[in-house]
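Hi everyone, thanks for coming. Could we get the structure up on the screen, please?

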Amino acid sequence: MTIVKSETTPYLAAYQAAIDTTEPTWLRVRRAAAIEQFSVLGFPTRRDEAWRFTNLRRLTKAPMPPAHPATSLPDPDAGVIESLRLAGRVCRLVLNNSAVVAAQSSGVDLPAGAWFGSIAEALETRPDLLKAAFATTDPAGNQPFAALNEALFTGGFLLALAPGVSFDAPFEIIHVNTDAASHPRCAILLGEGASATVMEHFTGSGAGWNNIVTCVDLGVGAKLHHVKLQTESPAAIHLAQTRATLAQAASYDSTVLSFGALLSREDIQVVLAGEMADFTLNGGYFLGGQQEATFAPFVEHRVPGCSSRQLVKGVIGGQAHGVFLGTIAVRPGADQTDARQTNRNLLLNAGTSVDTKPELEILADDVKCSHGATVGDLDDSALFYLQARGIDAATARRMLIGGFAADIIDASGAGETIRQHLHRHLSVWLEHLP
Amino acid sequence: MTNLLEIHDLHARIVGGRDILKGINLTIKAGEVHAIMGPNGAGKSTLSSVLAGKPGYEVTLGHVLYQGHELASLGPDERARQGIFLAFQYPVEISGVNNMYFLRAALNAVRKQRGEAELDAAQFLKAVKAKLSLLDISEDLLKRAVNVGFSGGEKKRNEIFQMAMLEPALAILDETDSGLDIDALRAVANGVNRLRDPGRAIVMITHYQRLLDYIEPDFVHVLSDGKIVASGDKTLAMDLEERGYAHLASAA
């Protein structure tokens, strides 16, 4: 008999209460397996290597099961959504604690072969797409938060483009989270030769917990620009897992910027499964106060001839703590791999801390791999140079910090509108620096 | 005419070290061009750092008056806004900060201090184009990050270009000739000469007489072991070129 970890009991109860017999059998089977897995695994502890820098005390001390029946929440303030959204022609979905807010979402005419909507709607009208999303991505794996998400998710979004379909306007998803616990499940499925740009913005208020799983499946030659901007409340917990599988010659360009949440974690697991596939990650964590953020990209080169580039930068002030746990795994036979990984940290004052652990596991020949990490302060000579031209010290500091971070935004291929959008958020963050 | 800069018995050091400047006296009026020459270790760079307000240096005795006011209490940015400009010996590379963006912020800070309206992007661009012709600077250089990937000559030209934009009352050129080939030196010197103005004083700090062939000073001073040991007109520089610094240093 398996031993159920005691801290999982409230979540087991929430799962039991939420069982929906109208769901397809395959999904109910998976949910049952997932909750069992979670109950055995329990929450990770600091004894787990991958979690030894992450402080989960708040979650383990006070359980946050989702409310059942799901309490109906007021719609997010329309003015706030208006101020957050991307300019121009966009296909937009607003999710409130993972449930769709129809009045604030807006579509544009999608081409044939494109499907974009909430997970709830997908379950009702296109369960085949959802099933496909589950089939191609690793299920919960050995990860308790992914298992919990699988057992409990009710909302999220799904984007599916059939082979050859491309769409020029960005798909924008604004995720608003409040005091609640939310387990969104998201999926981006691009068929052979399809291409899309997806911009996700996570925002909200209160001391909620967002536990997100996003599956990305790119077919042969498919191309995805994926941008994630996280500006959740400074009291929130934000745990996100992205699992991507790339077929031959597929290209995944990911930009992830974390500004918000008290505790945040980005697990980005990418499998380069087809030759000539290419993955790029530009990440940034911008922390102050008591914030803690972890970036944990795991890039697996399974076949020969693939390339990956990761550049993750941290700007850390207050008493904040940044963590980078990056791995490049080159499997046997994945020759001619070209992989790079860099983590750079800028500490703004004493009392901040950083743990950085870039790792290479190479089991193939003739590969080009590099990794490195730096931790440093603002350059005094640069500060003096700017001041010697009349720029006051506070502005000079902001300029240098902005300059340090600018390239992770500029490197995104998601288009000028989105890059400007990200630069604006960075500027706002810089303006609020003490 | 009032004195733009008065240095009285200035003693200064790197914080915690021994005095490097050991009693400098110097008076500079608007419109004048001064050259301060001296051997390595004489205190030339310390003098420019102290005048510009570089952190890490401290005045231990004496004082500096700029436009009649004590300089010591002003931070480096305040000095710059009040018209003191230091052309760096080693201009700093600042990645991620666009040269134009940086220069507009600097110019607007200076203009604000003078009570002039800030320039918007279009007005700024117009002002830039007017000054570009002064120096052989390609517009492409302005689109790059501050000094990043610039050659030695480009960096020095960029310094003089900034000087042209900011229009300081007192420009201190710290070893501006170092690391320049003869063409770059000529271009930089031409730029400086065009910026000579009855309302502006220029102080050139240099090890070699070479720069003075292109920018003719009104006064030449020799700095040795933290003191000015000789002053004169440009013939003093020629004399130095022939006889070296050694005889002056021993006289001091």
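Predicted model: local features only at pLDDT ≥ 70, side-chain atom pairs only at ≥ 80, totals over all residues.

Laid along its principal axes, the C-alpha trace of chain A spans about 70 × 50 × 50 Å.

How does the radius of gyration of chain A fit with a compact globule? For 434 residues, such a globule would come out near 22 Å, and chain A has 21 Å, so the two agree. Now take the contacts in chain A between residues at least 6 apart in sequence: 84% of those join residues at least 24 apart.

Next, the interface. On one side we have 18 residues of chain A, and they're in contact with 30 residues of chain B. Together the two chains bury about 1700 Å², with 72% of that on carbon and sulfur atoms. Which residues of chain A lose the most area to chain B? Those are Phe384(A), Tyr385(A) and Arg389(A), and together they make up 45% of what the chain A side buries.

A salt bridge joins the side chains of Arg389(A) and Glu159(B), at 2.6 Å from N to O.

Sorted by class, the chain A side has eleven nonpolar, four polar and three charged residues.

Last stop, chain B, and two backbone angles there. Glu175(B) isn't a glycine, yet its phi is positive, about 50 degrees. You'll find Glu175(B) in the loop between strand 9 (170-174) and helix 7 (182-194). Is Glu175(B) buried or exposed? Its relative accessible area is 10%, so it counts as buried, the cut-off being under 20%.

Asp225(B) also has a positive phi without being a glycine, this time about 45 degrees. Asp225(B) is in the loop between strand 11 (219-224) and strand 12 (227-232) of chain B. With 47% relative accessibility, Asp225(B) is classed as partly exposed.

How values were computed:
Residues numbered from 1 in each chain as written. Chains lettered and ligands numbered in written order. Heavy atoms only, no water. Contact = heavy atoms within 4.5 Å. Buried area = accessible area lost by both parts, 1.4 Å probe. Salt bridge = Lys/Arg side-chain N within 4 Å of Asp/Glu carboxyl O. Nonpolar A, V, L, I, M, F, W, Y, C, P; charged D, E, K, R; others polar. Rg over C-alpha atoms; globule rule 2.2 N^0.38 Å. Helix = DSSP H or I, 4+ residues; strand = E, 2+ residues; numbered from the N terminus. Buried < 20%, exposed > 50% of the residue type's maximum accessible area, 1.4 Å probe, protein only.
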